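Subject: Structure for you to look at

Hello,

Here is the structure I said I would pass on. Please open it next to this message, and my notes follow below it.

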Amino acid sequence: MKVLSEITIPKDDADEEVIIIELNYKDNDQVKKSDSIMDIETSKTSIELEAPTDGYIEYLVNPGDEVVIGQVVAKIYDGDISDLVNSKVESSTQEAAKENQLSSKVATKEAQALIEEHGIDINLIPNDFIKKEDVDLFIKGSASSGNSDDKPSGTAISRSKKIEIKALSGVQSTGMVSTIFMNIDVDESLSDDEKTSSYLPLITSECAKALEVFPMMNSYFLDNHIIQHKLINIGLALDINNGLKVYTIPDTNKLNLDEVEGKINEGIYKYLRNELTPRDLSTSTFTISDLSQYGVEKFVPLINLKQAAILGVSAVDLKLNRFNLSLAFDHRVTEGRVASEFLSMLKKGIEVSILKN
Amino acid sequence: MDNSEILIGINKIFSQVFKDPDIKITGDTTSDDIKNWDSLNNMILVVTIEDFYNIRFDLNEVQKLKNVDDLCNCVAKYLSL
């Protein structure tokens, strides 16, 4: 029996780890080329992995496992692998038995019966030698703490949130992030409705122009090197009703304002329809987070993995006729002076358009 | 279904999307006339109208619509397909 193909976790621009959601076959099932063999989840979306060839499948992971990019998660063989699968099951049973033997907990027969009756995890009982009274005490303690109104309740975070946290922790955990702010003036002669109309297409378009002039803002830090992205792909952080997703506008700098607006609309539409593809959600080189519609005065956005900076857009202050832009940047890649010049250029570009009347 | 019937249906959708039960739209209504009719709410409107009438627009076509009259004509066109 020969291995025809090893299935690995594909490269993802934003994540270093993904989560196995579902295995669509059992070990030794026969699969055909292009069959969806498993579902994985990145911080941005769910992806189906396809069989690259016909054959018999062996899974090397389980649902819920966190795996790294490039890790082999399944193999496809040219023939029946029932012997291999059976020996795998046997060895895992032996391992489980061995683990039980190695457990330092010892319980009396009465205690063991009570533990089994109540389905208690033996490791949660603090004593090493467990008697019936210890189990009774544990049960009472659990019951009273369960009824307490003061006990804080917790909800497990979703898998995608877990990966999102990891992705955003990357740059932030270095402690090398600075944020600068600038106000953008809006025309005070406009009506309130006109003042609060969305500036996102204009900001995105001007941002792409500024990134051409300041390539360091379109780079990232890796192993003591600064890697400059070849393309300018601005990502827009969307969080409407279906979780945070960063929609990428490829080659943003090559689009005119109307095209940028069209792309933004397309992204919002796909987000609402839950039709964003992995391609829509990857390869962004700089991100814009727009919280203007929520009345936010000023905020510090978090830089995404493999990016040097992120721009935050706040709401228009109707009394002061202005809104705030915040730029968080990775100090390992660039410094305050360059970031300030970038933001100044952006400010000028936006104000020229919105103050021209 | 004629345009006046479509307008009644779309008016209900506007009330729902812009959370204003008293909103009144006509064929001449444009995004300048409705508070908060920005690109985000426009896309929410599009998706809600599609779901309501069980149709799918061509997004490029939708982005060229100038007023509610154009929107009604567009809905009528997709309903007749």
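This is a predicted model: local features need pLDDT of at least 70, side-chain atom pairs count only at pLDDT 80 or more; totals for chains, interfaces and linings use all residues.

Domains. Chain A is divided into domain 1 (3-83), domain 2 (104-164) and domain 3 (174-354). Between domain 2 and domain 3 of chain A, the C-alpha centres are 48 Å apart.

Four-stranded sheet. One open sheet in chain A has 4 strands in the order E1-E8-E6-E3, and the pairing is antiparallel. Strand E1 (3-8) and strand E3 (30-31) of chain A are its edge strands, each pairing on one side only. E3(A) is joined to strand E6 (residues 55-59) of chain A by 2 bridges in the antiparallel sense. If you want to find this pairing on screen, look for Gln30(A), whose bridge partner in E6(A) is Tyr56(A).

Six-stranded sheet. Another open sheet of chain A has 6 strands, ordered E11-E18-E17-E16-E14-E15, with mixed pairing. Strand E11 (177-185) and strand E15 (245-249) of chain A each have a single partner strand, so one side of each has no neighbour in the sheet. From one strand to the next, the twist averages 25 degrees. E11(A) runs antiparallel to strand E18 (residues 322-330) of chain A, and 9 bridges join them. Within this pair, Thr179(A) is opposite Ala328(A) of E18(A). Helix H8 (residues 336-354) of chain A lies across E11 and E18 of chain A, at about 20 degrees to E11(A).

Helix pair. The axes of helix H6 (residues 200-213) and H7 of chain A come within 9 Å and cross at roughly 120 degrees, which makes H6(A) oblique to H7(A). The crossing of H6(A) past H7(A) is right-handed. On the H6(A) side the contact is made by Leu200(A), Pro201(A), Leu202(A), Thr204(A) and Ser205(A). H7(A) contributes Leu257(A), Val260(A), Glu261(A) and Ile264(A). By class, this contact of H6(A) with H7(A) has 6 nonpolar, 2 polar and 1 charged residues.

Chain contact. How many residues of chain A are in contact with chain B? There are 13 from chain A, in contact with 10 residues of chain B. Helix H7 (residues 257-272) of chain A gives the most to the side of chain A that touches chain B, with 8 residues. That side of chain A divides into 4 nonpolar, 5 polar and 4 charged residues.

Regards

Notes
Residues are numbered from 1 along each chain as its sequence is written. Chains are lettered from A and ligands numbered from 1 in the order in which they are written. Two strands pair if DSSP finds at least two bridges between them. Domain bounds come from an automatic or database domain assignment. Two residues are in contact if their C-beta atoms, placed from the backbone, lie within 7 Å. Ala, Val, Leu, Ile, Met, Phe, Trp, Tyr, Cys and Pro count as nonpolar, Asp, Glu, Lys and Arg as charged, and the others, Gly among them, as polar. Axes are lines fitted to C-alpha atoms, for helices over the stretch in contact, and angles run from 0 to 180 degrees between N-to-C directions. Angles under 35 degrees count as roughly parallel, over 145 as roughly antiparallel, 65 to 115 as roughly perpendicular and the rest as oblique. A crossing is left-handed if the near helix is turned anticlockwise from the far one by less than a right angle, and right-handed if clockwise.
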